[in-house]
Amino acid sequence: MPYDATPAAAEDGTSMEPGGPPATGVLRSTALIALSLTFGLVQFDATVVNVALPTLRRDLGGSIGAAQWVVDGYAVPFAACMLAAGAWGDRIGHRRSCLIGFGLFGLSSLLSGLAAGWQLLIIGRVLQGVAAAIMLPPSLAMIGRLYPERRSRSRALGIWGGVATSGFAAGPIVGGLLITHAGWPAIFLINIPIVILVGAAIAITAPPDRPRPRRLDPVGTLLGTGSLAALAGAIIESGQGRPAVGLGLLVLAVITATGFVAVERRSAGPTMPPGLFRPAGFRWAIVTGFGFNFAMYGALLCVSLVLQSDFGFSALDGGLAVLPMALVVSIGATGSGFLAARLGPRRPMLAGFGLAAAGSVVIALGTWQRSPVLIITGLTVIGLCSLAMPAMTSVALNAAPADHAGLAGGALNTARQLGGAIGVAVLGALLNAGGPRDGATVALLVGTMVCGLAVVSAVRATTDDESAGRAR
C-alpha cells in the first residue's frame with residue numbers, strides 16, 4: 001500500500017511516518033524509479049525529434065523554421081507553464097497533479113503521432129509541453145519527501161539524474177531506430193504504453209497527497225506564463241530571421257513581466273512568494289540550471305543537424321552517433337549524486353561544466369576541420385556535463401523553503417527549459433546563418449562561453465554549502 005513519507009528523518013536518513021512504520025525500501029525505491037522515469041520521458045520527448053527533422057521536412061514539406069517549432073513548440077510551453085504547474089501541484093497535491101499531467105501527455109502524444117500536417121503536429125507538441133510542465137515539478141517534490149535527509153537525497157537524485165538524463169541522450173538513438181523501421185509517428189506513439197505503466201506505478205507507490213490550500217493568483221499566473229512564453233518566442237522568431245515578430249514578442253514579454261511584478265506586489269496569495277528566492281544558493285542554482293540546458297540542448301541540436309546535413313548521416317546513423325554520449329550521461333549523472341553526498345555539490349558541478357566547455361571546443365574543431373570523429377568525441381565529452389545536474393538540483397532543493405517544494409522545482413526547471421529553448425534558438429540561428437562549418441563553429445564557441453558562466457554561478461550557488469562544510 002502507499003505510505004506517507006514525511007519531512008521527518010531517522011538517523012539513517014530513511015523517511016519515517018508519524019505513528020507508523022518506516023517507509024519500506026522496496027516501495028520507496030520503486031517510487032524513486034517511477035518518478036525518475038517521469039523526467040526521463042520528458043527529456044526523451046525533448047530530444048527525440050532532433051533526428052526526425054529532416055524526415056519531417058521530407059514528408060510534410062515546409063521550412064527549417066517549421067521544423068524548429070516542433071522542437072521549441074514543446075520547449076516553450078514547458079518552460080512557460082512550469083511555475084504555474086508547480087504552484088498548482090503544491091495546492092492540489094503532488095501525486096494528483098503528476099497523474100493529471102501523465103493523462104494529458106498520453107493524449108497529446110497520440111495527437112502528435114496521428115498528425116498529417118505541421119499544424120496538428122505543433123499543436124500536439126505544445127500540449128505535450130504543457131503536460132510535461134504539469135508532471136515534472138510534483139515528481140521532484142515527491143522525491144524530496146521520500147528522501148528528506150541531505151545525503152540520502154543526494155544519492156537519490158543521482159539515480160534520478162541517471163535515469164532522467166538517459167532519456168535525454170537516448171532520444172536520438174531510439175528516434176533513429178523508430179524512424180528507420182516504423183516511421184516518424186512512432187516516436188510519439190511509443191509514449192503511450194510508457195505513460196500507462198509509469199503512471200500506474202506512481203499511483204500505487206508514490207506518497208499520498210498532502211494538499212496545501214492557498215489562494216490562487218490567476219491574473220499573476222497568466223501574466224507570468226505569458227511573459228515567459230513571449231520571451232522564448234521572441235528569441236526563436238529573431239533567430240529564424242523574423243526580427244519584426246521577435247521585437248513585437250519581446251515588447252509583449254516586457255509588458256506582461258511588468259504587469260506580473262505589479263500584480264504580485266499587491267496579491268495576498270502571490271504566484272511567487274517573496275521568500276522563495278531569498279536563499280542565495282537557490283537563486284544561483286536557477287542561473288546554473290539555465291546554463292546547463294543551454295549548453296546541452298544547443299550542442300545536441302547542432303551536432304544532429306550537421307551530421308545529417310553536411311556528412312550525410314541517416315536518422316539511424318545520427319542516433320547511433322549519440323550512443324557514446326548516452327552512456328557517459330547516464331554514468332555521470334548517477335555518479336554525481338554519490339559524489340555530492342561524499343564531497344559536497346561544488347566539485348561535481350565544476351567538473352561537469354568544465355568538461356562541457358572542453359567538449360564544445362572539440363566539436364567546434366571538428367566542424368572546422370570537417371571531422372565527424374572529433375564532433376562525436378566532443379559530444380561525448382559534453383555528456384559529462386551530467387555530473388552537474390543532480391548536484392545542482394540538490395543545492396536548489398536544500399536551499400528552497402520546504403512548503404513550496406513544487407514551486408521551487410518548477411522555478412528550477414523553468415530556468416532549465418528556458419535555457420534549452422534559448423540554446424536551441426540561438427545556436428540554431430548561428431548554425432543557419434553561417435552554415436555547417438563557420439556557423440557551427442561559432443555556435444559551439446558561444447556554448448563554451450555559457451559553460452564558463454555556469455562555472456561562476458556554480459561557485460556562487462555552493463558557497464553556503466562549502467562554508468557549512470568548513471564549519472563542521
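Is Arg125 buried or exposed? At 0% relative accessibility, Arg125 is buried (buried is under 20% relative accessible area, exposed over 50%, partly exposed in between, with a 1.4 Å probe and protein chains only). This is a predicted model, where local features need pLDDT of at least 70 and side-chain atom pairs count only at pLDDT 80 or more, while totals for chains, interfaces and linings use all residues. Residues are numbered from 1 along each chain as its sequence is written, and side-chain values use heavy atoms, with hydrogens and water left out.

**View 1. The whole chain at a glance.**
The protein chain has 18 helices and zero strands (both are DSSP runs numbered from the N terminus: helices are H or I with at least four residues, strands are E with at least two). Of its 472 residues, 57% are buried. Look at contacts between residues at least 6 apart in sequence, and 84% of them join residues at least 24 apart (contact means heavy atoms within 4.5 Å).

**View 2**
Searching the whole structure turns up two salt bridges (a side-chain nitrogen of Lys or Arg within 4 Å of a carboxyl oxygen of Asp or Glu). One of them joins the side chains of Arg125 and Asp45, at 4.0 Å from N to O. Arg125 sits in helix α5 (residues 118–146) and Asp45 in helix α1 (residues 25–47), so the pair ties together parts that are 80 residues apart in sequence. Asp45 is buried, with a relative accessible area of 0%, and Arg125 is buried at 0% too. Side chains of opposite charge can pair when their charged atoms come close.

Arg58 is exposed at 62% relative accessibility, while Asp59 is partly exposed at 43%.

**View 2. Two cysteines, no bond.**
How many disulfides does the structure hold? It's zero (a disulfide is a pair of cysteine sulfur atoms within 2.5 Å). Cys385 is in no disulfide, and its nearest cysteine sulfur, that of Cys451, is 5.6 Å away. Cys451 is likewise in no disulfide. Cys385 is buried at 0% relative accessibility, and Cys451 is buried with a relative accessible area of 0%.

**View 3. Ser394 and what it touches.**
Ser394 belongs to helix α16 (residues 388–399) and is buried at 5% relative accessibility. Its side chain makes a polar contact with the side chain of Ser154 at 3.3 Å (a pair of N or O atoms within 3.5 Å; within protein, one must be able to donate a hydrogen and the other to accept it, and residues adjacent in sequence count only if both atoms are side-chain atoms). Skip residues up to four places away in sequence, and Ser394 touches Ser154 and Leu157.

**View 4. Thr380 in helix α15.**
Thr380 lies in helix α15 (residues 372–382) and is buried, with a relative accessible area of 18%. The Thr380 side chain reaches the backbone oxygen of Ile376 at 2.8 Å. Setting aside neighbours within four places in sequence, Thr380 is in contact with Pro324, Met325 and Val328.

**View 5. Arg370, a loop residue with a positive phi.**
Although Arg370 is not a glycine, it has a positive phi of about 55°. You'll find Arg370 in the loop between α14 (346–369) and α15, where it is partly exposed at 43% relative accessibility.

**View 6. A nonpolar patch on the surface.**
Leu247, Leu250, Val251, Val254 and Ile255 form a nonpolar surface patch, with about 450 Å² of accessible area together (patches are made of residues with over 30% relative accessible area and no salt bridge: like charges are joined within 9 Å, nonpolar side chains, meaning Val, Leu, Ile, Met, Phe, Trp and Tyr, within 5 Å). Ile255 is in helix α10 (residues 243–266) and is exposed, with a relative accessible area of 56%.

Conventions: Areas by Shrake-Rupley, 256 points an atom, 1.4 Å probe, with all protein chains shown as cover.
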